[in-house]
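These notebook entries record what I looked up in one structure. I set them down in the order in which I worked.

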Amino acid sequence: MAKSKVAILRTTPATVLRDYHELMNLAGETVRLADYTGRPVVVNFWASWCVPCRDEFPMLIGAYGEHRDQGLEVLGIIHDDAADSAAAFARDQGATWPML
């Protein structure tokens, strides 16, 4: 897969974690998975059109807010979605973790 400004992945979760060590966030910045070594990380695969994803976002926001000071990290992996739709949804939800 060629690197683009935003990595909108059309692959499986296992492939992402195995094959992608660097991903671009919605701002076009590189995020390195190795930077999270040793920390508890929730990797959330989601899309703005996904109803279960929409239902779980408030829980993720709550958990992240409650445990962020204890080192919890959340990485949002955008799956099969347009970057503008994903960015609008994350912004509207108030999600502050990296969206990749």
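The entries below go from the overall fold to single residues.

**Entry 1. Ground rules.** I worked on a predicted model, in which local features need pLDDT of at least 70, side-chain atom pairs count only at pLDDT 80 or more, and totals for chains, interfaces and linings use all residues. Residues are numbered from 1 along each chain as its sequence is written, and side-chain values use heavy atoms, with hydrogens and water left out.

**Entry 2. Overall fold.** I first looked up the secondary structure, where helices (H or I, at least four residues) and strands (E, at least two) are DSSP runs, numbered from the N terminus. The protein chain has 3 helices and 4 strands, and along the sequence they follow the pattern α-β-β-β-α-β-α. I then looked up burial, with buried meaning under 20% relative accessible area, exposed over 50%, and partly exposed in between (1.4 Å probe, protein chains only). Of the 100 residues in the protein chain, 37% count as buried. For contacts I took heavy atoms within 4.5 Å. Among contacts in the protein chain between residues at least 6 apart in sequence, 62% join residues at least 24 apart.

**Entry 3. Strands β3 and β4.** Two strands pair if DSSP finds at least two bridges between them. I found that β3 and β4 run parallel and are joined by 6 bridges. One of the bridge partners I noted is Glu 73 in β4, which pairs with Val 41. Together, β3, α2 and β4 make a right-handed β-α-β unit; right-handed means that, with the strands pointing away from the viewer, the path from the first strand over the helix to the second runs clockwise.

I next asked how many residues of strand β4 (residues 73-78) are buried. The count is 6 of its 6 residues. In a regular strand the side chains alternate between the two faces of the sheet. In β4, Glu 73, Leu 75 and Ile 77 point one way, while Val 74, Gly 76 and Ile 78 point the other way, and all are buried.

**Entry 4. Asn 44.** I located Asn 44 in strand β3 (residues 41-46). Asn 44 counts as buried because its relative accessible area is 7%. Its side chain forms a polar contact of 2.7 Å with that of Glu 56; such a contact is a pair of N or O atoms within 3.5 Å, where, within protein, one must be able to donate a hydrogen and the other to accept it, and residues adjacent in sequence count only if both atoms are side-chain atoms. Leaving out residues up to four places away in sequence, Asn 44 touches Glu 56, Phe 57, Leu 60, Leu 75, Gly 76 and Ile 77.

**Entry 5. Leu 60.** I found Leu 60 in helix α2, buried with a relative accessible area of 6%. Beyond residues up to four places away in sequence, Leu 60 touches Val 42, Asn 44 and Trp 97. From Leu 60 to Val 74 is 14 residues in sequence and 8.1 Å in space, C-alpha to C-alpha.

**Entry 6. Aromatic rings.** Rings of Phe, Tyr and Trp (its six-membered ring) pair if their centres lie within 6.5 Å; planes under 30 degrees apart count as stacked, over 60 as edge-to-face and the rest as tilted. My search of the whole structure gave 5 aromatic pairs. The ring centres of Trp 46 and Phe 57 are 5.0 Å apart with the planes at 70°, so this pair is edge-to-face. Trp 46 lies in strand β3 and Phe 57 in helix α2 (residues 51-67), so the pair ties together parts that are 11 residues apart in sequence. Both Trp 46 and Phe 57 are buried.

Tyr 64 and Trp 97 also form an edge-to-face pair, at 5.5 Å centre to centre and 80° between the planes. Tyr 64 is in helix α2 and Trp 97 in the segment after α3 (83-93), so this pair ties together parts that are 33 residues apart in sequence. Tyr 64 is buried at 10% relative accessibility, and Trp 97 is buried at 4%. I noted that ring pairs link Trp 46, Phe 57, Tyr 64, Phe 89 and Trp 97 into a cluster.

**Entry 7. Asp 80.** I placed Asp 80 in the loop between β4 and α3, partly exposed with a relative accessible area of 35%. Its phi is near 55°, a positive value in a residue other than glycine. Most residues other than glycine have a negative phi.
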